[in-house]
Amino acid sequence: MQGRFSVWLVKHGLVHRSLRFDYQGIETLQIKPEDWHSIAVILYVYGYNYLRSQCAYDVAPGGLLASVYHLTRIKYGVDQPEEVCIKVFAPRSNPRIPSVFWVWKSSDFQERESYDMLGISYENHPRLKRILMPESWIGWPLRKDYIAPNFYEIQDAH
């Protein structure tokens with residue numbers, strides 16, 4: 001079953017993959033990184049004017065990285081605004097996704113945190129640098145294959 005926005009994208013010939021609905025009934029779509037910026041602009045023009053959150057996660061050790069966007073269509077006098085969730089997957093070898101900073105300014109620190117923790121490079125982001133870890137930090141702490149520097153497991157503890 002496709003949601004309203006998925007049907008709209010199909011009608012206009014925009015490539016995506018429906019990931020069905022989440023437990024709250026919010027439509028979830030997968031968008032290719034190369035299509036994300038143009039679809040983000042379309043979403044904004046279509047009325048999704050509020051980026052509720054952006055986060056990222058490591059799908060599986062050695063697998064893809066995902067950047068997730070929760071968007072809301074805010075209108076005056078509407079108690080239950082429409083929402084959509086967009087997932088953009090990128091290969092861990094070169095995780096590059098277009099930044100939506102110029103569409104939703106609230107993505108600024110959120111994309112920087114995803115970069116800092118997972119190493120996803122958000123193209124055209126004006127200040128893409130570490131926000132939580134020191135600039136000298138090596139690696140991406142939230143990747144499932146990350147090994148903490150100078151970590152020694154206590155062995156043979158009694």
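Guide: The end C-alpha atoms of residues 30–148 are 31 Å apart, and this span is 22% helix and 31% strand (DSSP runs, numbered from the N terminus: helices are H or I of at least four residues, strands E of at least two). The model is predicted, so local features need pLDDT of at least 70 and side-chain atom pairs pLDDT 80 or more, whereas totals for chains, interfaces and linings use all residues. Residues are numbered from 1 along each chain as its sequence is written, and side-chain values use heavy atoms, without hydrogens and water.

The unreviewed UniProt entry annotates residues 30–148 as "domain: NADH:ubiquinone oxidoreductase 30kDa subunit"; such annotations may be inferred rather than shown by experiment. The protein as a whole has 3 helices and 7 strands, in the order α-β-β-α-β-β-β-β-α-β from the N terminus.

Of the 12 residues in α3, 9 are buried (under 20% relative accessible area, 1.4 Å probe, protein chains only). Among them are Asp 108, Glu 111, Arg 112 and Asp 116, as well as Tyr 115, Met 117 and Leu 118. The buried residues of α3 pack against β3 (50–58), β4 (64–73), β6 (96–98) and β7 (121–123), where contact means heavy atoms within 4.5 Å. Just after α3, Gly 119 adopts a positive phi of about 80 degrees. For comparison, buried residues make up 39% of the 158 residues in the protein.

How values were computed
Buried < 20%, exposed > 50% of the residue type's maximum accessible area, 1.4 Å probe, protein only.
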